[in-house]
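Good morning, and thank you for making time on the agenda.

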Amino acid sequence: MTECMTCGYSRYKPRTGRGKTLVAYKKLKYFPLTPRLQRLFMSPRTVEHMTWHQSHHAVDEVMVHLSDGEAWKHFNSVNPHFSAESRNVHLGLCTDGFNPFGSFVAPYSCWPVILTVYNLPQGCV
């Protein structure tokens, strides 16, 4: 696909020379998620922490972990098939844009996207 399906805008910059390679306007670079999650379950140090959220219970209605919150409890009640397996991984998506070259120097911005594992207890790893 060389154009956006929604707006029809080209995904690639116009060619200025005789080069045959297409240069994309935007690039996505990422670290694979699956091997990192597999390592969390392979390590004897972290494997018991990955299922900690299932056995943890709130004390005196004090929220010490995200699993004590109403959103987590609501998710578990709406998705009982997911919450039944203690090895399922809860992930949080964090992102924020910034311009690495200053305010108005270049029309370039970075948008790091970070996935956070919510299964782990507070202060672990």
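**The second largest pocket and the surface**

The lining of the second largest pocket consists of three nonpolar, nine polar and three charged residues. In that count, Ala, Val, Leu, Ile, Met, Phe, Trp, Tyr, Cys and Pro are nonpolar, Asp, Glu, Lys and Arg are charged, and the others, Gly among them, are polar. Please keep in mind that this is a predicted model, in which local features need pLDDT of at least 70 and side-chain atom pairs count only at pLDDT 80 or more, while totals for chains, interfaces and linings use all residues. Residues are numbered from 1 along each chain as its sequence is written, and side-chain values use heavy atoms, with hydrogens and water left out.

The space in this second largest pocket is about 220 Å³. Among its 15 lining residues, those closest to the centre are His53, His56, Ser67, Trp72 and Asn76. Helix H3 (52–55), helix H4 (70–78) and helix H5 (80–83) are the elements that each give two or more residues to the lining; the largest share, three residues, is that of H4. A pocket here is an open set of points on a 1 Å grid over the protein atoms alone, where a 1.4 Å probe fits, with protein on both sides within 12 Å along at least five of seven lines; lining residues have an atom within 4 Å of a point. The volume is the space filled by probe spheres set on the points, which are joined across faces, edges and corners.

As for the chain itself, there are five helices and two strands, in the order α-α-α-α-α-β-β along the sequence. Both are DSSP runs numbered from the N terminus: helices are H or I, at least four residues, and strands are E, at least two. Of the 125 residues, 15% count as buried, that is, under 20% relative accessible area, with exposed over 50% and partly exposed in between (1.4 Å probe, protein chains only).

Which residues form the salt bridge? The side chains of Arg87 and Glu85 meet in it, at 2.7 Å from N to O, and the structure holds one such bridge. The criterion is a side-chain nitrogen of Lys or Arg within 4 Å of a carboxyl oxygen of Asp or Glu. Arg87 counts as exposed because its relative accessibility is 52%, whereas Glu85, at 31%, counts as partly exposed.

Finally, Lys26 lies in the segment before helix H1 (33–42). Its relative accessibility is 75%, so Lys26 counts as exposed.
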